[in-house]
Amino acid sequence: WQSSNHNSVLVLSNLFDREGQAVGGLGSGELAWHSDQSYQPMPATGSFLHGVEIPIGAGCTEFANLRLAHAALPDALKQRAEGKQGRFSYVKRASAYDGKQPSAEELAKMAPDVLHDLVNSHPVTGEASLYLDPGTTVGVAGMAAEQGVALLDELAERATQPAFVYRNHWQPGDVVMWDNGVVLHRRDEIPADRPRLMKRTTVRLPADRHIVPQGRLA
């Protein structure tokens, strides 16, 4: 997926070259709610996405504000989430990608599961925010499997209510940036016959001014 012109740019596309090879990654399928690089011990702080070729009216991207979602949680649910760590699995994330993927064993070696706090506080404002990734989390450390999944599902359901979601209808040339520490995003499915090409880059910002999840290997 890496751009041939710049190694910090990823190409996301459903196009193919003359030899039938994919131009970029993530194809046309729907992408579930997720946060970029959450399966890494120190995910990127933010992402920039540039719409180069856009199928108008298709492939919209939605963003969910996890700070507002946390503020609106019932006190009992806040207490259940506080101090808990989610288990983030690249094996689960990759299973949703288009095209052939390495085996689960190979993926686990490439990117072992990590644990991240489900609630973080902003280092400047002190405001709390959820840190979720329904497309990647598989459980909660210290909780029985069913209980952990139930907690994650409840938090994700509340966090992605319409009141906390912005829907971006892409136009050619749009550039959208977001904070991975406090935002989830997802993408609608794209008709395979509607060309789409995006360019994405990520940034890493200082932890004394931004929420930067500090994970550890599970």
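**Strand pairing, cores and ring pairs in the predicted model**

Glu62 stands opposite Arg186 in strand 15. The model is a predicted one, in which local features need pLDDT of at least 70, side-chain atom pairs count only at pLDDT 80 or more, and totals for chains, interfaces and linings use all residues. Residues are numbered from 1 along each chain as its sequence is written, and side-chain values use heavy atoms, with hydrogens and water left out.

Helices (H or I, at least four residues) and strands (E, at least two) are DSSP runs, numbered from the N terminus. Two strands are taken to pair if DSSP finds at least two bridges between them. Strand 7 and strand 15 run antiparallel and are joined by five bridges. Strand 15, residues 183–187, also pairs with strand 5 (residues 31–34), in the antiparallel sense and over two bridges. Within that pairing, His185 of strand 15 is the bridge partner of His34. Five of the five residues of strand 15 are buried, where buried means under 20% relative accessible area, exposed over 50%, and partly exposed in between (1.4 Å probe, protein chains only). In a regular strand the side chains alternate between the two faces of the sheet. In strand 15, Val183, His185 and Arg187 point one way, Leu184 and Arg186 point the other way, and all are buried.

An open sheet of five strands has mixed pairing and the strand order 4-1-16-6-14. Strand 4 (25–26) and strand 14 each have a single partner strand and stand at the edges, so one side of each is left without a neighbour in the sheet. Strand 16 (residues 197–203) pairs with strand 1 (residues 10–13) in the antiparallel sense over four bridges. In this pairing Arg200 of strand 16 is the bridge partner of Leu10, and Leu197 is that of Ser13. Strand 16 also pairs with strand 6 (residues 46–53), again in the antiparallel sense, over seven bridges. Leu197 in strand 16 is the bridge partner of Glu53.

A nonpolar core is defined as a set of buried Ala, Val, Leu, Ile, Met, Phe, Trp, Tyr and Cys residues joined through side-chain atoms within 4.5 Å. The largest such core has 19 residues, of which Leu49, Tyr90, Trp170, Trp178 and Met198 touch the most other members. Helix 3 (90–94) and strand 14 (175–179) are the elements that give two or more residues to this core. Another core, of 18 residues, lies apart from it and includes Ala81, Leu130, Val140 and Leu155.

Helix 5 (residues 145–159) has 15 residues and should span 21 Å at 1.5 Å a residue, which agrees with the 21 Å between its end C-alpha atoms; the expected span is 1.5 Å times one less than the number of residues. Gly148, Leu151, Leu152, Leu155, Ala156 and Ala159 are buried in helix 5. These residues cover an arc of only 125 degrees around the axis, which puts them on the same side of helix 5; the arc is that of the directions from the helix axis to the C-beta atoms. Exposed residues Glu146 and Glu157 are carried on the face turned away from the buried side. The cover over the buried residues of helix 5 includes strand 7 (61–65), helix 1 (66–71), helix 2 (75–81), strand 11 (128–130) and strand 12 (137–140).

Rings of Phe, Tyr and Trp (its six-membered ring) pair if their centres lie within 6.5 Å; planes under 30 degrees apart count as stacked, over 60 as edge-to-face and the rest as tilted. By this rule there are four aromatic pairs. The rings of Phe63 and Tyr166 are stacked, because their centres are 6.3 Å apart and their planes are at 20 degrees. Phe63 in strand 7 and Tyr166 in strand 13 (residues 165–168) are 103 residues apart, and the pair links distant parts of the chain. Phe63 has 8% relative accessibility and therefore counts as buried, whereas Tyr166, at 46%, counts as partly exposed. The rings of Phe63 and Trp178 have centres 5.2 Å apart and planes at 55 degrees, so this pair is tilted. Phe63 lies in strand 7 and Trp178 in strand 14, so the pair ties together parts 115 residues apart in sequence. Ring pairs link Phe63, Tyr166 and Trp178 into a cluster. Leaving aside neighbours within four places in sequence, Trp178 is in contact (heavy atoms within 4.5 Å) with Asp36, Thr45, Gly46, Ser47, Leu49, Phe63, Val183 and His185.
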